[in-house]
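Open the model in your viewer and keep the sequence panel beside it. Each stop below tells you what to select and what is there.

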Amino acid sequence: MVAIERRDPSASSPPLLDHRVEHHQDRPYILVVTRNGHLSEHVMDYALNVAYRLGYGIVTVHVDTLPFYKDSGRRCRLFAAAMEESTALFRGKAKTKKVAIEHLREEGKVGVVVSRLCHAKKRIEFVIIDKGIRLGEVAKHSPVPVFPVITTNQGQRKRTLIHPPNNKGVTAMSTTSRKRHVKNCFLFGTLTTGLYAAVFANQDVVMTYFAKGGLFAVLPVATVFAVSFFHGNFTSAFWSALGIEASRKTAAPRVEQDRPLTEPVVAPRPDTRPRLQLNA
Amino acid sequence: MHGPVSEVIQFIDLNVYTITFLFLVGFIGGLVSGFIGSGGAFVLTPGMMSLGVPGTVAVASNMCHKFPKALVGAIKRYKYGQVDIKLGLIMGVFAEIGVQAGIMVQKYILDRWGQAGSNLYVSFIFVLVLVTVGSFVMRDAITMKRAGGTSESVPSLAKRLQRIELWPMLTLKTANLRISLWFLVPVAVATGMLAATIAVGGFIGVPGLMYIIGATSIVASATELVIAFVMGLGGTLIWAYYGMVDIRLVMIILAGSLFGVQLGAIGTTYVKEYMIKYVMATIMLIVAVSRFFAIPKYLNELHLVLLSDGAVKLMTQLSFAIMCFALLVGASIILSSLFKARRLERIAANG
């Protein structure tokens, strides 16, 4: 219910507003709501385009829906850091379009926050919601129309409506994935230790049979396959748990794509324009 | 069914020194393998022999540790989209033929000139291949570095070969090239022959894939892991059939090398492409120096030169020390460039 962080770029940085909207107290606003640390980029772009065309301002609100999550404040810190990144990006984008923008951080239920903000002094004309928020949840409380922004993934054929994943920044270092690595590390570490203990505790028997040759050749080969599975997973989880993972920039296929194998086929251009869905 | 020599082989007793040594060499060897696709294995055979492991058991155990390591490395690098499985498997099968051919050549030389002659032949091939290929790769790496090292152009030989339409043509998606099978076969066979001779086929395999086939150094080094897996599995089955594999040694080496191979694979995603060539060439050239010091011993055995026992012993030790040094240099270049790149990436992300 409290605005913990209130950012007005005009206070700290040079004014972003152009002559059309400068110091216009009754300027209408678009409310952009997200419950994630990072606001989806396509939502940013859509909101900016509309605001630019209509001469509106934008109020972005990041709603922390789990403020009392029991992890000694780690989630809160991550959320704040992610919001920092997101607002910086949004501010940069808004600057180029000269759209007035404000950032708020709220806690609690999304619907309640939207309702409160709409009833506050700002003239909010409509609400745009980010991924992860149910339309009904907001629409129930909102006095103004609510729009989710949905993009098609690729072209006309694939109609699955998804939001492109955000793989960078603070959310990428999510607590859950780190936890999973630590868990895997313990699990496969135990299994590996068990396998090694079994072999080394019974050295004599093992060496008698494994070195017999002939069909017994299967034994050492099967054992090393087991080692490569258990110990391989353990070592992989071990480095990941330590935070040593592949570069985010280059983990994707690093293959030269500039040499076409065959003649290029002219494919229909993918339609990736944002779609608007009305809750009427 | 029993192997013909299983009754006479001696397996060593393990102690803390042995275990630590094997673990560390395994780790460093794994790190290098994960990064450049091969290497590291050449230190293990003489290393194990210096611990008192009989030669055949050392070779068999080394081979047996190589293929799971290559498997884990290949899977890791496949996740990064660097492995061309089709290319690797085809090359692996022909490399296996190369291994058999290499063994036949070795046998012929052994029958004709005895053990010392065979050793001399191995050392001669070592120095010849490593110096020629190593210096070529090093020159290329330096040229790339000067050019900024951002992108790799396809070598002119590979370009010309790719243009020749000779049935059967193979389309390799990850490597992003189309080439006739007839050009893959000689590279694969040469890789296998080198693997049978000096235990590291990758010193021909990776440069062959880069300069003759036209794959990038990232794809070449990752695909080499698949080739090493196929070759290693085939070789291990043969050695295990004769009961030569000491599973304890294999497991200790693997304990270290799988840590290394993961880290090496992670390293490839941070560094620029020329770094792989640079590390590979550095190791090859230093190892060539090491083998150069091993040659007088065999010449002495063949009575071609006369050296005192002390001098021969010193040179043998020096040769082994330089070999270890080659691995250490390679490993430290990989680790330092990995952590440097990570730091820079973190700074860029924060700033």
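Start with His303(B). Is this residue buried or exposed? His303(B) counts as exposed, because 8 C-beta neighbours lie inside 10 Å and 12 or fewer is the cut-off. Find it in the loop between α10 (273-301) and α11 of chain B. Check the backbone too: phi is positive, about 60°, although His303(B) is not a glycine. Keep in mind that this is a predicted model.

Now select Asn176(B). Its phi is also positive, near 60°, and it is a residue other than glycine. Look for Asn176(B) in the loop between β1 and β2 (177-180) of chain B. Asn176(B) has 21 other C-beta atoms within 10 Å, so it is buried.

Step back to the loop between α5 (156-163) and β1 (169-172) of chain B, where Pro168(B) is found. Select Trp167(B) along with Pro168(B). The peptide bond that joins the two is cis, with omega about -5°.

**Confidence**

Colour chain B by pLDDT. The average is 88, and 96% of the residues score at least 70. Select residues 1-8 of chain B: here the pLDDT is below 50. Beyond near neighbours in sequence, that stretch has 17 contacts in the model. Which helix of chain B has the highest confidence? Helix α9 (residues 247-268) of chain B does, at a mean of 94. Confidence in chain B is lowest in helix α2 (residues 41-50), at 81. For the complex, the predictor gives an ipTM of 0.90 and a pTM of 0.69.

**Annotated spans in chain B**

An unreviewed UniProt entry places the feature "transmembrane region" at several spans of chain B, including 12-36, 120-138 and 191-213. Select residues 120-138 of chain B. The span is 100% helix and 0% strand, and its end C-alpha atoms are 26 Å apart. Then select residues 191-213 of chain B. This span is 87% helix and 0% strand. Its end C-alpha atoms lie 13 Å apart.

**Inside the helices of chain B**

Select Thr282(B), in helix α10 of chain B. Thr282(B) and Ala326(B) are 44 residues apart in sequence, and their C-alpha atoms are 7.6 Å apart in space.

Next, pick Phe229(B) and Ala95(B). The largest nonpolar core has 130 residues, and these two touch the most other members. Show the partners of Phe229(B). Beyond its neighbours within four places in sequence, Phe229(B) is in contact with Phe67(B), Ala70(B), Leu71(B), Ala74(B) and Gly92(B).

Move to chain A and select helix α2 (residues 41-54). Its 14 residues reach 20 Å from first C-alpha to last, close to the 20 Å expected at 1.5 Å a residue. The buried residues in α2(A) include Val43(A), Met44(A), Tyr46(A) and Val50(A). Just after α2(A), Gly55(A) takes a positive phi of about 75°.

Helix α3 (residues 74-97) of chain A is next. It has 24 residues and reaches 35 Å, close to the 34 Å expected at 1.5 Å a residue. Its buried residues are Phe79(A), Ala82(A), Met83(A), Ser86(A), Thr87(A), Phe90(A) and Ala94(A). Just after α3(A), Lys98(A) takes a positive phi of about 55°.

**Where the chains meet**

Show both chains. 42 residues of chain B are in contact with 39 residues of chain A. On the side of chain B that touches chain A, α3 (55-79), α8 (217-241), α9 and α11 (309-350) of chain B each supply at least two residues. Which helix gives the most to that side? α9(B) does, with 11 residues. Colour that side of chain B by residue type: it divides into 25 nonpolar, 13 polar and 4 charged residues.

Methods:
Residues are numbered from 1 along each chain as its sequence is written. Chains are lettered from A and ligands numbered from 1 in the order in which they are written. This is a predicted model: local features need pLDDT of at least 70, side-chain atom pairs count only at pLDDT 80 or more; totals for chains, interfaces and linings use all residues. pLDDT is the predictor's confidence in each residue, from 0 to 100. Helices (H or I, at least four residues) and strands (E, at least two) are DSSP runs, numbered from the N terminus. Two residues are in contact if their C-beta atoms, placed from the backbone, lie within 7 Å. UniProt positions are given in the numbering used here, feature names are shortened, and annotations may be inferred rather than shown by experiment. The expected span of a helix is 1.5 Å times one less than its number of residues. A residue is buried if 20 or more other C-beta atoms lie within 10 Å of its own, exposed if 12 or fewer, and partly exposed in between; C-beta atoms are placed from the backbone. A nonpolar core is a set of buried Ala, Val, Leu, Ile, Met, Phe, Trp, Tyr and Cys residues joined through C-beta atoms within 7 Å. Ala, Val, Leu, Ile, Met, Phe, Trp, Tyr, Cys and Pro count as nonpolar, Asp, Glu, Lys and Arg as charged, and the others, Gly among them, as polar.
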